[in-house]
Amino acid sequence: MTNLEVLLFDVDGTLADTERDGHRVAFNNAFAEAGLDWHWDEALYGDLLAVTGGKERIRRYIETSCPDFSVEGDLGEYIAGLHKLKTKHFKQIMADGKLPLRPGVLRLIKEAKGAGLRLGIATTTTPENVTALLNAAIGEEGESWFDIIAAGDIVPQKKPAPDIYVWAMEKLGVRPEQCAALEDSENGIKSALGADIPTVVITVNGYTRDEVFDGATLVVDQLGEEESPCSVMAGEATGIKMVDLGLLQSLHEKGSC
Ligand code: XBP
Ligand code: MG
């Protein structure tokens with residue numbers, strides 16, 4: 001049996017509910033600033049979330065919804081410029097402080113840190129976005145609570161490829177059996193399982209509720225707090241109010257025996 005030593009957190013949808021009112025709005029603000037008449041409503045954005053990464057998502061939209069769109073020069077450079085604008089708007093939305101951490105996230109982070117576990121981030125989002133979210137939601141010391149921040153284009157292939165988890169574990173010098181991943185999406189769990197992480201807890205959100213989480217250790221609606229208990233949707237944990245370190249350790253023990 002291998003002890004649980006590291007918690008690896010996804011960001012969007014897991015640490016905070018950032019997609020609908022954060023990223024989606026930032027994309028639309030960037031389109032407006034660039035003089036484009038594109039608008040991603042909630043339903044369209046839900047479909048586009050199948051593609052991870054903002055630049056990749058813009059390209060998919062052009063290919064599927066605006067096939068005649070053309071620019072002078074290189075399309076990849078144009079998309080990169082548009083995506084920079086989007087990052088600017090996302091950071092502003094974070095600085096406005098309207099998107100808090102999801103219930104139970106801060107509780108679990110503090111508990112794990114206090115117990116001497118190491119923490120990491122494994123996300124497809126741009127590193128600046130992670131900094132902006134942690135600064136706004138935790139404070140300037142937020143980033144320093146994490147021993148590794150693995151984000152964005154540092155790996156060639158984004159989730160569902162396992163690369164970002166593999167990269168984070170290599171930097172931390174740990175094996176998958178020492179880790180648990182916290183995710184919110186099908187692309188996320190595929191990535192974590194593809195990296196051989198044995199314990200994967202899913203907290204669903206409005207966009208991912210109906211996705212398939214085969215191989216998940218536990219699926220809940222949120223990590224939960226004393227005053228807002230979680231609901232278990234799949235996994236061996238009946239009657240729990242929240243996902244805490246003790247629960248993660250016992251699930252990990254069972255899974256890695
Ligand atoms: C979810 C994503 C991200 C963001 C956009 O990331 O797919 O791409 O929606 O971020 P996570 P960028 O792995 O944290 O769930 O526009 O910065 O690429
Ligand atoms: Mg996510």
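Guide: Aspartate 196 is exposed, because its relative accessible area is 57%; buried means under 20%, exposed over 50%, and partly exposed in between, with a 1.4 Å probe and protein chains only. This is a predicted model, in which local features need pLDDT of at least 70 and side-chain atom pairs pLDDT 80 or more, while totals for chains, interfaces and linings use all residues. Residues are numbered from 1 along each chain as its sequence is written, chains are lettered from A and ligands numbered from 1 in the order written, and side-chain values use heavy atoms, without hydrogens and water.

The place of aspartate 196 is the loop between α8 and β5 (199-203); helices (H or I, at least four residues) and strands (E, at least two) are DSSP runs numbered from the N terminus. Its phi is near 70°, a positive value in a residue other than glycine. Most residues other than glycine have a negative phi, and most peptide bonds are trans. A cis peptide bond is found between lysine 159 and proline 160, with omega about 15°, and proline 160 belongs to the loop between β3 (148-151) and α7 (163-172).

The magnesium ion (ligand 2) is coordinated at 2.1 to 2.2 Å by Asp10 (OD), Asp12 (O) and Asp184 (OD); donors are N, O and S atoms within 2.8 Å of the metal (3.2 Å for Na, K and Ca), and sites may look incomplete since water is not among the atoms. Aspartate 10 lies in the loop between β1 (6-9) and α1 (19-33), and aspartate 184 in the loop between β4 (179-183) and α8 (186-194), so the pair ties together parts 174 residues apart in sequence. In contrast to the exposed aspartate 196, aspartate 10 and aspartate 184 are both buried.

Twelve aromatic pairs are counted, where rings of Phe, Tyr and Trp (its six-membered ring) pair if their centres lie within 6.5 Å, with planes under 30 degrees apart stacked, over 60 edge-to-face and the rest tilted. The ring centres of phenylalanine 27 and tryptophan 40 are 4.8 Å apart and their planes stand at 40°, so this pair is tilted. Phenylalanine 27 is in helix α1 and tryptophan 40 in the loop between α1 and α2 (42-48), so parts 13 residues apart in sequence are tied together. Both of these residues are buried, and both belong to one aromatic cluster, whose other members include Phe31, Trp38 and Tyr207.

The charged end of lysine 86 sits over the ring of phenylalanine 27, 4.6 Å from its centre; for this, NZ of Lys or CZ of Arg must be within 6 Å of the ring centre and within 35 degrees of the ring normal. Lysine 86 also lies over the face of phenylalanine 90, at 5.4 Å from the ring centre.

Threonine 125 has a polar side-chain atom 2.8 Å from an oxygen atom of ligand 1, and for asparagine 129 the corresponding distance is 3.0 Å.

Terms used. A polar contact is a pair of N or O atoms within 3.5 Å; within protein, one must be able to donate a hydrogen and the other to accept it, and residues adjacent in sequence count only if both atoms are side-chain atoms.
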